[in-house]
Structure formats: C-alpha cells, structure tokens
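This briefing describes the fold of a single protein chain from a predicted model.

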Amino acid sequence: MSVTNPIENLQTLIRCPSVTPKEGGALTALAAMLEPLGFAVHRVTATEAGTPDIENLYARLGTSGPHLMFAGHTDVVPVGDEAAWTHPPFSADIANGEMYGRGAVDMKGGIACFIAAVARHIEAHGAPKGSISFLITGDEEGPAINGTVKLLEWAAAKGERWDACLVGEPTNPDQLGDMIKIGRRGSTSGFVTVHGVQGHVAYPHLADNPIRAVTAMTKALMSPPLDAGTTEFPPTNLEVTSIDTGNTATNVIPAKASFAFNVRFNDIWTADSIQAELIRRLNEAANDQELRAGRPAIRYDITWSERPSHVFLTRDDALISSLSKAIEAKTGRHPALSTTGGTSDARFIKDYCPVVEFGLVGQTMHMVDERVAVADLEKLTGIYAHFIKQWFENATA
C-alpha cells in the first residue's frame, strides 16, 4: 500500500467499523500510515465518569515551527438500516466512480486525502521546514467530551503549540471548491417545563392548561426575529425541537408541558447574552393574557445545555489565502468564505490557533449509501498538497 494514494487510504479506513465510541481499528490503521512517513504517533485514551472511554491519536512530523495542524475524526455515526445500503457500509466498494461506505465523506475521506497530500509533499520536497501534526479524535460524532477537547489539553500540556489548523470536515455543498468555513455560529439549547393545573376538559375554569402557555412562550422566542445577521454571519435562528405533555387522555388537561429549543447565534451575541434575551422573552410571555385571561403569570423552569458552543470567526489572512489559492489552482473555483452550518470540533481548536475547515462534498454524510466520487479524492489530495506547500512558503517567508 502506498499512502500517496487517497483511494487506498480511504478504503483502509472505511473498512474499520469505528462507530462512536468504538475505535474499530481506524486509529491503528492511521498509525500504520503515518509512522513510515516519520511521524511520532501517540495514542491517548481520555476518560470521564458517566461517558465512554475514547481513544484518540496525535502525531507530529518535525520539531520546529511553523507548525500546521490537521484535525479530524475517525468515528462515524451508526449505519442505520444496513439492508437498505446498495453496498455494505464497511465494504468501501467502488461502483460507477463512487466509493461507498460509512465515513466516506464525514470524514475519513478528508483524513485519507491529507495523509496522501503529506506523503506527496515529502516525496516531492522532503520534510517541511517546520512541523505537521494530526489531531484525530474518536468522539466527534458522540458527546465530544473525551475527544478533541481533552486531546488538545493533553498536547498543550506536553508543550505543543500550533500556528494554524485545517479541519477536514465536508464543507462543500455541491462541488469541490464551493466553500471554506472560516467560522461557526454559536449554539445553545434550552429545556422548559411549564406548570399548570390538571383538570377535566369540561371544566376548564377549574384547571390551567399549560399548553396555552407553551403556545405563547414558543411564539415569543421566535418572534420578532432576534437579529438581521451581520456581514460575516446569517441571522440568528431559533427552532423549537419538541413539545410534550406525556398525556395520553384526550379529556384531561395536563398538569405540565415541556418543550425544547435550540438557537444558532451569530457574533452579535455571546452564549450569556443570548440566554439572557431568551429569558427576557419567556418572562414577558409568562404574563401574556391572550390565551389565559384572568390567570396569574405562568410558572416555568428552564435549564440550559451544559456546554454551549461559542461563536467564532477566523481572521488569519495567510491561512485563508493559502487555502483559497490552492482551491483555485486545482479547481478553477473561487471558494465562498462561510460561517453557515452546524458546529464542529473547530469550536475547540479556535482557542489554540487560527482554524478553517475544508473537505469533501457533504451531500451524503450520515445517509444510507454515504459515498464519495473517487475523482474528488484525487482533487482534494491535490488541493491539500498545494495548500501545504503554499502555507509553509508563506509562513517561513
């Protein structure tokens, strides 16, 4: 096997059934690819009470700066209905120019291509004038507790410092070269319980239906809009994701109702300020009399997700320019600089160094028949190889 070939690299990785939290042989396969290239490889198992132990990998080539990190994850989501797959989910079969398998685009494909790109760089130019490292977790698709956060802490405690990071998540919506992620919106979730008074539906004056309150409260959270967006970010958006009473009887007014919501916020807000605004809206709605005439203020409890994701924006011109020029050179496309989409482990890395994200087309990630165009693997490898050369030239100039 030649690690300069991203197709072979990816087939090896897909054939490792590394469904979170299982390592599945994927990190062992990575170590076998990286060590012959001269990387010092470390396997780090992170633990925390109440969560599964997670195996992670950190590998570094070189001992001096500048230091470029590539970050990603080998864990994958479950396959779903395996019988619904056209090709077995861990077979890495190639058909009609596409490779099938769980993790093909999210995100073993990105890792396979970056390894091939590093190998080609070494073959063509020798070891870089600086250092390259791989920070690979097995917990990105899980609770993200024993993965990137703790691996970064472990590496930093060992004296590791980075000048820039590229995360290989699938960022392109339609074609390779569409989009670089230069930041991410923040995210926080709330869980609200509204207290009413249980009673018979025929005697509503003796009860207090909490669903009436939920209607007012969810409306208040979503309207008016929280903002109109900023230059770099789309408008903040809140979605109610569940409403429940636990009530199976149609002739009983429930005693309580609960609902959950998630808000993706831009750089107008911090996690603290967006939570304060949402509580203000809930308190205002608690006194809304439109559906509860003559009733006292709604009683409710709210809890927040323990680990909100914080909004960030990368402004490292050298990093963004090096990657943009590599994409243009290999695809002829000028990538959009975007902050759309969900969260990623870049939200943790941004506390250590500038970080951007660029990888494969993400249309089939997490789906049955997840797959990647084989031609895109070669294109992405070419982009990464060009980027590595360009970044080190800029960083050492």
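**Helix packing around helix 9**

Helix 3 and helix 9 cross in a right-handed sense. Helix 7 also passes helix 9 in a right-handed crossing. The chain that holds these elements has nine helices and 19 strands.

- Helix 3 (residues 108-125) packs against helix 9 at an angle of about 50°, and the two axes are 8 Å apart.
- For helix 7 (residues 317-331) and helix 9 (residues 374-396), the axes come within 8 Å and cross at roughly 140°. Helix 7 is therefore oblique to helix 9.
- Helix 7 contributes Ala318, Leu319, Ser322, Leu323, Lys325, Ala326, Ile327, Ala329, Lys330 and Thr331 to its contact with helix 9. Helix 9 contributes Gly382, Ile383, His386, Phe387, Gln390, Trp391 and Asn394 to that contact.

**Overall dimensions and contacts**

- The C-alpha atoms fill a box of roughly 80 × 50 × 40 Å along the principal axes.
- Of the 397 residues in the chain, 52% count as buried.
- Among contacts between residues at least 6 apart in sequence, 79% join residues at least 24 apart.

- Four strands form an open sheet in the order 12-14-10-15, with antiparallel pairing. Strand 12 (237-244) and strand 15 (299-304) are the edge strands, each pairing on one side only.
- Neighbouring strands of this sheet are turned by 20° against each other on average, direction ignored.
- Strands of a sheet pair through backbone hydrogen bonds, in either a parallel or an antiparallel manner.
- Seven bridges join strand 12 to strand 14, and the two run antiparallel. Glu239 stands opposite Asn262 in strand 14.
- Strand 10 and strand 14 are paired in the antiparallel sense over 10 bridges. Gly186 stands opposite Phe265 in strand 14.
- Strand 10 (residues 186-195) also pairs with strand 15, in the antiparallel sense and over six bridges. His195 stands opposite Arg299 in strand 15.

**Helices packed on the sheet**

- Helix 5 (residues 210-222) packs on the sheet and touches strand 10, strand 12, strand 14 (256-265) and strand 15. The direction of helix 5 makes about 10° with that of strand 14.
- Helix 6 (residues 271-286) lies across strand 10, strand 12, strand 14 and strand 15. Helix 6 runs at about 165° to strand 15.

**Burial in strand 14**

- Seven of the 10 residues of strand 14 are buried, so this strand is largely enclosed by the rest of the structure.
- Ala257 is found in strand 14. The relative accessible area of Ala257 is 2%, which means that this residue is buried, the cut-off being under 20%.
- Leaving aside residues up to four places away in sequence, Ala257 touches Val192, Thr193, Val194, Pro210, Ile211, Val214, Asp244 and Thr245.
- Ala257 and Ala49 are 208 residues apart along the chain, and their C-alpha atoms are separated by 31 Å.

**The buried face of helix 4**

- Which residues of helix 4 (residues 148-157) are buried? They are Thr148, Leu151, Leu152 and Ala155.
- Seen down the axis of helix 4, the buried residues fall within an arc of 100°, so they line one face of the helix.
- The elements covering these buried residues include strand 1 (40-46), strand 2 (54-61), strand 3 (67-73) and strand 6 (131-137). Helix 8 (346-349) is also among the elements that cover the buried residues of helix 4.
- Just after helix 4, Gly159 takes a positive phi of about 100°.

Methods
Residues numbered from 1 in each chain as written. Predicted model: local features only at pLDDT ≥ 70, side-chain atom pairs only at ≥ 80, totals over all residues. Heavy atoms only, no water. Buried < 20%, exposed > 50% of the residue type's maximum accessible area, 1.4 Å probe, protein only. Arc of directions from axis to C-beta. Contact = heavy atoms within 4.5 Å. Pairing = 2+ DSSP bridges. Axes fitted to C-alpha atoms, helices over the stretch in contact; angles between N-to-C directions. Parallel < 35°, antiparallel > 145°, perpendicular 65-115°, else oblique. Left-handed = near helix turned anticlockwise from the far one by under 90°.
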